[in-house]
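Dear colleague,

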Amino acid sequence: MSWYRKYRPQKVNELKIKPAREAFQRILDTGNFSHAYLLSGPKGTGKTSGARILAKVLNCELNRKAIEKHQPFVEPCNVCSSCISITNGSSMTVVEMDAASNRGIDDIREIRDRIGLSPSDGVVCVYIIDEVHMLTTEAFNALLKILEEPPAHVVFVLATTDPQKVPATVLSRCTHISYRRATNGEVVETLETVAAAENMAVEKEVLAQFAIASDGSFRDAIKFFEQVASGKTTLTLADIEFTVFNNSDESVQLLATALQERSLEKTQKLFSKFELQSVDFSLLHKRLLTSLMPKSLELVRALNIPLDPLLPIPWLPFYLGCVEWCMQSPQVPVRSAQMVKEIPIVQPTSKLETSKPVTGPVPGYSEITAKWPELLRKVHSRNTSVEALLRSTKLVGIDGNTLQLEAFYAFHKEQLEAERNRRIFEGILAEIFSCKLIYSLSLSQKAKLAQLNPNSNVSGKVEDEGMVTAAEEAFL
């Protein structure tokens with residue numbers, strides 16, 4: 001059994017996130033419970049554990065008279081048959097569904113058909129729907145009808161990392177329990193408990209590094225710990241540098257130095273090296289900001305750009321933030337749109353880039369997509385930054401001799417529309433297809449919405465003065 005499952009909380013007082021723990025404690029103290037809960041918060045913070053603990057509270061043999069008499073509950077005993085079956089996942093009273101893979105109306109209808117049956121081995125049937133925001137509109141409508149008049153023996157626990165995507169009509173029928181991201185101290189405390197249970201001697205700094213890497217997720221921290229600790233009785237910093245983290249303090253320091261020198265060449269070479277080494281860019285990003293925090297808040301502002309898992313290259317915004325920083329002189333504020341230094345442009349090696357475009361048959365969409373990897377390789381050989389920008393776009397169509405590209409970030413769109421970058425890419429298009437091809441750019445729906453929201457960071461640029469405060473809270 002994995003350590004995260006082995007050491008997950010089994011009682012209310014074992015929940016580490018204080019607001020959630022206090023909310024469940026009120027259920028114990030009063031003996032009152034709702035028939036629908038929404039547990040929201042970041043991944044790996046204990047939402048599913050909380051849902052299962054609630055199921056044990058409502059079905060533990062110690063609490064059966066309390067439910068009948070509406071009296072306060074006690075913590076689940078974890079030794080009765082009901083508690084044990086819920087803990088090991090064999091209880092017929094608790095039904096768990098992952099909405100990320102079971103998101104259709106038929107899945108909700110299956111629940112609707114089951115809820116009329118009385119529980120066979122407990123008092124209350126608990127239906128846990130994880131990542132509930134992934135349900136389709138039709139499935140949400142079906143769920144809403146169930147929530148409006150649930151049977152007395154049924155409790156729904158909906159869990160989500162994105163409560164904004166849950167319809168207001170569903171939210172209004174739920175008691176909301178909010179989880180926040182775990183602090184580094186809370187994660188370290190949890191890891192110390194695991195280490196003691198496994199009879200391991202671990203340097204506290206090692207646990208602190210796991211906490212930083214986990215980004216507030218107990219699950220990720222314990223997974224990191226288990227991955228490195230397997231077969232060991234002691235654990236030091238030297239044991240973890242090139243395993244979980246896959247980038248040493250030296251790598252972080254090299255990148256920090258290159259950025260402090262505003263050396264574009266060094267920065268680009270380091271990113272190329274990191275990519276070849278399969279470095280965890282998410283972790284590199286966190287450790288870099290941590291190392292810079294005490295001495296370069298302006299650089300932290302510039303680089304505190306979230307990685308985007310929806311992009312083909314999730315770390316691209318981080319890379320482009322580094323490039324933009326290096327392109328600016330120290331006298332220009334980081335948030336200024338002015339670029340006083342440009343990325344060095346390799347001079348054209350083909351006459352096609354400087355002569356009139358070649359005319360001829362125009363390729364179709366399928367031919368262009370088939371040769372897109374070749375295009376990117378050629379662009380990379382001329383200018384790695386332009387290639388990185390193109391990787392943050394999507395070919396959505398072709399109109400005559402115009403490639404229609406969709407950009408995920410407004411800043412990337414602006415950069416690709418710059419004449420210096422257009423000249424490079426359109427020259428290579430002419431080389432490969434032997435005809436004149438140009439391109440136009442539009443913003444993705446996500447980026448358009450970001451422009452309407454002044455608080456959004458989807459543009460790829462940091463505009464919020466409060467960003468440094470958020471970084472301090474996350475990394476100190």
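In which loop does Asn78 lie? Asn78 is found in the loop between α4 (64-69) and α5 (81-87), where helices (H or I, at least four residues) and strands (E, at least two) are DSSP runs numbered from the N terminus. The model is predicted: local features need pLDDT of at least 70, side-chain atom pairs count only at pLDDT 80 or more, and totals for chains, interfaces and linings use all residues. Residues are numbered from 1 along each chain as its sequence is written, and side-chain values use heavy atoms, with hydrogens and water left out.

Asn78 is a residue other than glycine with a positive phi, near 65°. Its relative accessible area of 22% makes Asn78 partly exposed (buried means under 20%, exposed over 50%, partly exposed in between; 1.4 Å probe, protein chains only).

Glu131, also not a glycine, has a positive phi near 50°. Glu131 is placed in the loop between β3 (125-130) and α7 (137-148), and counts as buried at 19% relative accessibility.

The second largest pocket has a volume of about 310 Å³. Of its 19 lining residues, Tyr7, Pro9, Glu14, Lys16 and Thr190 are the closest to its centre. A pocket here is an open set of points on a 1 Å grid over the protein atoms alone, where a 1.4 Å probe fits, with protein on both sides within 12 Å along at least five of seven lines; lining residues have an atom within 4 Å of a point. Grid points are joined across faces, edges and corners, and the volume is the space filled by probe spheres set on the points. α9 (184-197) and α11 (218-229) each supply at least two lining residues, and α9 gives the most, with 3.

Yours sincerely
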